[in-house]
Amino acid sequence: MWRDWRITLRRLIRDVLAMWYGLRHPKVPLTAKAVSVLPILYLLMPADLIPDIFPIVGWLDDLATLPVAAYFADRLTPPAVMSVLRSRADETLVRRWPRIRLWIIGFVAVWILLAALGGSLFLRGPRQPIPEQVMIDRIVSGQMLNSQPGTQRPHF
């Protein structure tokens, strides 16, 4: 099962890289180039289907745009051109895979760290009030009145 995920992930990376090369290829139709740019625009768009505030779930819709865009870019690009783009992407992956894998691991680690930080802030509970606020709350509730010499009860 793990092997299937690795193969699928590697194909997705290859197709995304092929989409990147397709942006600069003269024989790729304009519609395929537009489909290749849409995931980037969606990632940069401030409004999402699922807000990114929610860890993991909010990022899944962003990640789901990549395979969908790769599928449509594959269908819109002529097969001969797509095979050239994929072979170029395969060459790049063979040559630079250790470096690309390091970037992927770093990217995932940063997102996991941010999700853990956000979760810990969310689960930590309410903050402790600052001392000045405690004093103001006590004065307002009447606990501090006449507790110190020289204080007088306010007349309303």
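Colour the protein chain by secondary structure to start: five helices and zero strands, running α-α-α-α-α from the N terminus on. Helices here are DSSP runs of H or I with at least four residues, strands are runs of E with at least two, and both are numbered from the N terminus. This is a predicted model, where local features need pLDDT of at least 70, side-chain atom pairs count only at pLDDT 80 or more, and totals for chains, interfaces and linings use all residues. Residues are numbered from 1 along each chain as its sequence is written, and side-chain values use heavy atoms, with hydrogens and water left out.

The mean for the protein chain is 80, and 78% of its residues reach 70 or more. Among the elements, H2 has the highest mean pLDDT (87), while helix H5 (residues 131–141) has the lowest (71). Where pLDDT is low, the predicted coordinates should not be read in detail.

**Stop one: H2 and H3**

Select residues 30–44, helix H2, and residues 57–76, helix H3. Their axes come within 8 Å and cross at roughly 175 degrees. Those axes are lines fitted to C-alpha atoms, for helices over the stretch in contact, with angles from 0 to 180 degrees between N-to-C directions. H2 and H3 are therefore roughly antiparallel to each other. For the angle classes, under 35 degrees is roughly parallel, over 145 roughly antiparallel, 65 to 115 roughly perpendicular, and the rest oblique.

Show the side chains at the contact (heavy atoms within 4.5 Å). On H2, pick Thr31, Ala32, Val35, Ser36, Pro39, Tyr42 and Leu43; on H3, pick Asp61, Asp62, Thr65, Leu66, Ala69, Phe72, Ala73 and Leu76. By class, that gives ten nonpolar, three polar and two charged residues. Nonpolar covers Ala, Val, Leu, Ile, Met, Phe, Trp, Tyr, Cys and Pro; charged covers Asp, Glu, Lys and Arg; the others, Gly among them, are polar.

Zoom in on threonine 65, in helix H3. Is threonine 65 buried or exposed? Its relative accessible area is 19%, so threonine 65 is buried. The cut-offs are under 20% relative accessible area for buried, over 50% for exposed, and partly exposed in between (1.4 Å probe, protein chains only). Beyond its neighbours within four places in sequence, threonine 65 is in contact with Pro39 and Tyr42.

**Stop two: the largest core**

Next, select Ile13, Leu17, Ala18, Tyr21, Val28, Ala32, Val81, Met82, Leu85, Ala89, Leu93 and Trp97, the twelve residues of the largest nonpolar core. Such a core is a set of buried Ala, Val, Leu, Ile, Met, Phe, Trp, Tyr and Cys residues joined through side-chain atoms within 4.5 Å. Helix H1 (2–22) and helix H4 (79–123) each supply at least two residues, and the largest share, six residues, comes from H4. Apart from this core lies another, of five residues, including Met19, Val35, Ala69 and Ala70.

Centre on alanine 18: not counting residues up to four places away in sequence, it touches Met82, Leu85, Arg86 and Ala89. Serine 83 lies in helix H4 and is partly exposed, with a relative accessible area of 43%.

**Last stop: threonine 92**

Stay on helix H4 and click threonine 92. Threonine 92 is buried, at 5% relative accessible area, and touches Leu17, Tyr21 and Trp97, leaving out residues up to four places away in sequence.

Zoom back out to the protein chain: of its 156 residues, 22% count as buried.

Conventions. pLDDT is the predictor's confidence in each residue, from 0 to 100.
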